[in-house]
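Hi,

Here is the structure I promised to pass on. Have a look at it before you read the rest.

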Amino acid sequence: MYDALDVAKYIITYCKKNQKPISNLKLQKLLYFVQAQFLVGENHACFYNRIEAWDLGPVVPDVYHHFKMYGSNPIILWKEGNFGVSAHDREIINIIVNDCNEYTASQLVELTHQQTPWIQAKEKGYNEQITNDSIKEFFDL
């Protein structure tokens, strides 16, 4: 299991390499979908960090705060790389990123707003945790 910041840095590097720079808003949604894929497909979490229900959908606060200085602009890393993410896990992440890159950040926000994990956490209040159990239950069809 990884720190979400390492996964985020890998995603940023991958997106830049594919000439699709990424904003913090979109990154947050990708992390949520990556976590879902690992929970369902690999039967374990990709990262250990907390995901919360914010107004614009699921957010990993640790990652959000690290990159918030970029606002809505693409995130730029001074050092790029794999950040300790294994080749097997990079393949899974790449599939999710490629699928989600077809959508804008706003479309991904709308999509997550229709999903039970965000809805249930948001009903409890601001910054409530979206649990791995609720994510797995929703996506494990």
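Below is what I found in it, going from the whole chain down to single residues.

First, some housekeeping: this is a predicted model, where local features need pLDDT of at least 70, side-chain atom pairs count only at pLDDT 80 or more, and totals for chains, interfaces and linings use all residues. Residues are numbered from 1 along each chain as its sequence is written, and side-chain values use heavy atoms, with hydrogens and water left out.

**The whole chain**

You'll find seven helices and three strands, in the order α-α-β-β-α-α-α-α-β-α along the sequence. Both are DSSP runs numbered from the N terminus: H or I with at least four residues for helices, E with at least two for strands.

The C-alpha trace spans about 40 × 30 × 25 Å along its principal axes. A compact globule of 141 residues would have a radius of gyration near 14 Å, and the chain agrees, because its value is 14 Å. (That radius is taken over C-alpha atoms, and the globule rule is 2.2 Å times the number of residues to the power 0.38.)

Of the 141 residues, 47% count as buried. Buried means under 20% relative accessible area, exposed over 50%, and partly exposed in between, with a 1.4 Å probe and protein chains only. Among contacts (heavy atoms within 4.5 Å) with a separation of 6 or more, 75% are between residues 24 or more positions apart.

How do H2 and H7 lie relative to each other? The axes of helix H2 (residues 24-42) and helix H7 (residues 132-139) come within 9 Å and cross at roughly 75°. The axes are lines fitted to C-alpha atoms over the stretch in contact, and angles run from 0 to 180 degrees between N-to-C directions. So the two helices are roughly perpendicular, a label for 65 to 115 degrees; under 35 is roughly parallel, over 145 roughly antiparallel, and the rest oblique.

On the H2 side, the contact is made by Tyr-32, Phe-33, Gln-35, Ala-36, Leu-39 and Val-40, and they meet Asn-132, Ile-135, Lys-136 and Phe-139 of H7. Seven of these residues are nonpolar, two polar and one charged. (Ala, Val, Leu, Ile, Met, Phe, Trp, Tyr, Cys and Pro count as nonpolar, Asp, Glu, Lys and Arg as charged, and the others, Gly among them, as polar.)

Most residues other than glycine have a negative phi. Gln-19 is not a glycine, yet has a positive phi of about 60°. Gln-19 sits in the loop between helix H1 (4-17) and H2, and is exposed, at 70% relative accessible area. Phe-83, also not a glycine, has a positive phi of about 55° and lies in the loop between helix H3 (61-67) and helix H4 (87-100).

Cheers
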